[in-house]
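Please keep the sequence and the structure in view while reading.

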Amino acid sequence: MAPTGDDKINVLLLENIHPDATGLLSSAGFHVETHDGALGEDELAERVGDVHLLGIRSTTQLTEKVLDRAGNLLAVGAFCIGTNQIDLPAATRRGVAVFNAPFSNTRSVVELAIAEIIALTRRLTDKSRDMHAGIWDKSAAGSHEVRGRRLGIVGYGNIGSQLSVLAETLGMSVYFYDINDKLALGNAVRCSSIEELLESVDIVTLHVDGRPGNSGMFGEAEFARMRPGSIFLNLSRGFLVDHQALRGHIESGHLAGAAVDVFPREPKRRGEPFESELRGLSNVILTPHVGGSTEEAQQDIGRFVASKLRHYTDDGNTSLSVNLPELALPERVGAHRLAHVHVNTPGVLATINGVLAEHGVNIEGQFLGTRGEVGYVITDIGAPAADKVAQVLREMPETIRLRQLS
Ligand code: NAI
């Protein structure tokens with residue numbers, strides 16, 4: 001259902017977004033245009049004027065200049081995990097909702113971690129290197145089953161907790177450390193400090209987020225605390241780890257192996273040279289930030305973000321929005337809906353309800369959420385609000401954006 005007054009919702013999807021997104025948005029009755037590459041700032045500013053929903057991935061920069069030209073823009077879908085490419089405060093100030101896909105590639109990262117844990121525990125990289133060099137070595141020395149081994153997960157969020165479940169199905173004993181209180185899944189054991197975890201496990205894997213305080217969190221002292229012969233993985237963020245220290249502990253034989261998917265400096269595009277202290281070590285698996293890169297994850301991102309855009313457009317639902325207050329609304333049955341993004345100051349709700357009462361509009365349901373400087377109130381009413389009512393609400397000084405959904 002399109003917002004009242006709009007003939008058609010125009011969608012622009014850039015950067016080769018998965019076709020499932022196009023399918024889902026077209027089937028909602030939206031007019032979808034796709035573009036394989038990213039658009040530069042000027043080109044996008046030229047193009048965005050009649051766009052209601054914009055889909056981008058990580059290359060397109062959504063700047064304030066572009067947003068200034070995007071008078072019809074309701075929402076932006078970041079068809080990826082990160083949203084650094086979007087000027088979020090500028091979007092919020094204009095009442096533009098932003099959505100992303102925070103856990104569409106969780107499973108892909110977890111599967112890569114499991115593959116690497118098994119590969120390193122069985123010394124597959126050394127065996128493969130030897131075979132390519134014509135060396136036939138059937139020795140079992142240093143090769144282990146993962147069953148019964150102790151896995152230490154640092155950061156028990158989406159990825160860490162999912163890894164915990166799959167690792168247990170392989171017979172591993174899981175220990176975890178998280179700065180926040182987390183429900184320990186299955187038989188996982190919570191450690192009260194990272195030091196306790198490092199001293200307890202055979203494999204350490206980092207799955208923390210990239211908050212500034214985590215920069216350089218894993219260095220010489222942390223590697224030195226790990227048990228001799230243990231394995232280290234980082235598939236989270238490159239700037240968390242001191243790679244020179246890691247190299248030292250691999251070369252000394254203190255650590256049996258490592259797998260690293262993320263780097264402090266990553267080439268911006270294919271073909272650019274990759275530099276790292278970790279190159280040239282046969283028991284270190286290096287991958288080019290592909291933890292979440294699978295066709296399944298891309299498809300899930302396409303469906304997930306497209307469905308968020310659709311529900312926001314049709315019903316005002318902001319659940320899992322990156323910037324607006326989150327309102328997960330019950331399904332709307334028959335009622336007309338006012339979706340009102342406003343400045344979060346005391347008395348706004350009372351003013352809205354006063355205006356509605358004054359014009360004899362009956363409220364059937366109402367939901368309010370606030371987030372920092374922004375408030376979002378959904379009001380279900382029995383009949384469409386008269387133009388006069390909508391106009392009064394729009395003219396409130398606190399109003400950022402008012403939509404009537406029917
Ligand atoms: P999340 O936000 O669900 O979980 C992060 C967890 O780390 C939270 O529970 C948080 O409390 C905890 N944490 C933060 N700082 C900590 C610290 N210093 N010590 C202990 N715990 C700490 O994030 P999610 O989705 O699980 O992602 C984890 C990481 O994986 C992120 O850094 C993300 O950027 C990265 N990632 C990498 C991908 C790849 O392609 N390699 C793909 C997807 C995510």
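**Ligand surroundings**

Of the 25 residues around the ligand, Ile159, Asp178, Val208, Asn214 and Asp261 come nearest; a residue counts as near a molecule or strand if one of its heavy atoms lies within 4 Å of it. The model is a predicted one, in which local features need pLDDT of at least 70 and side-chain atom pairs count only at pLDDT 80 or more, while totals for chains, interfaces and linings use all residues. Residues are numbered from 1 along each chain as its sequence is written, and side-chain values use heavy atoms, with hydrogens and water left out.

**Ligand contacts**

- An N or O atom in the side chain of aspartate 178 lies 2.6 Å from an oxygen atom of the ligand.
- Valine 208 has a polar backbone atom 2.7 Å from an oxygen atom of the ligand.
- For asparagine 158, a polar backbone atom is 2.9 Å from an oxygen atom of the ligand.

**Domains**

- The domain assignment gives domain 1 (1–105 + 295–324), domain 2 (106–286) and domain 3 (329–406); such bounds come from an automatic or database domain assignment.
- Between the C-alpha centres of domain 2 and domain 3 there are 50 Å.

**Nonpolar cores**

- The largest nonpolar core has 31 residues, and Phe79 and Tyr312 have the most contacts inside it.
- A nonpolar core is a set of buried Ala, Val, Leu, Ile, Met, Phe, Trp, Tyr and Cys residues joined through side-chain atoms within 4.5 Å, where buried means under 20% relative accessible area (1.4 Å probe, protein chains only).
- Helix H11 gives the largest share of this core, six residues; helices (H or I, at least four residues) are DSSP runs, numbered from the N terminus.
- At least three residues of this core come from each of domain 1 (1–105 + 295–324) and domain 3 (329–406).
- Phenylalanine 79 touches residues including Leu13, Ile56, Ile301 and Leu309, not counting residues up to four places away in sequence; contact means heavy atoms within 4.5 Å.

**Helix H5**

- Helix H5 (residues 106–121) has 16 residues and reaches 23 Å from its first C-alpha to its last, close to the 22 Å expected at 1.5 Å a residue; the expected span is 1.5 Å times one less than the number of residues.
- Twelve of the 16 residues of H5 are buried, so the helix is largely enclosed by the rest of the structure.
- Among the buried residues of H5 are Thr106, Val109, Leu112, Glu116 and Leu120.
- Arginine 123, which follows H5, has a positive phi, near 55°.

Key:
Helices (H or I, at least four residues) and strands (E, at least two) are DSSP runs, numbered from the N terminus. Buried means under 20% relative accessible area, exposed over 50%, partly exposed in between (1.4 Å probe, protein chains only). A polar contact is a pair of N or O atoms within 3.5 Å; within protein, one must be able to donate a hydrogen and the other to accept it, and residues adjacent in sequence count only if both atoms are side-chain atoms.
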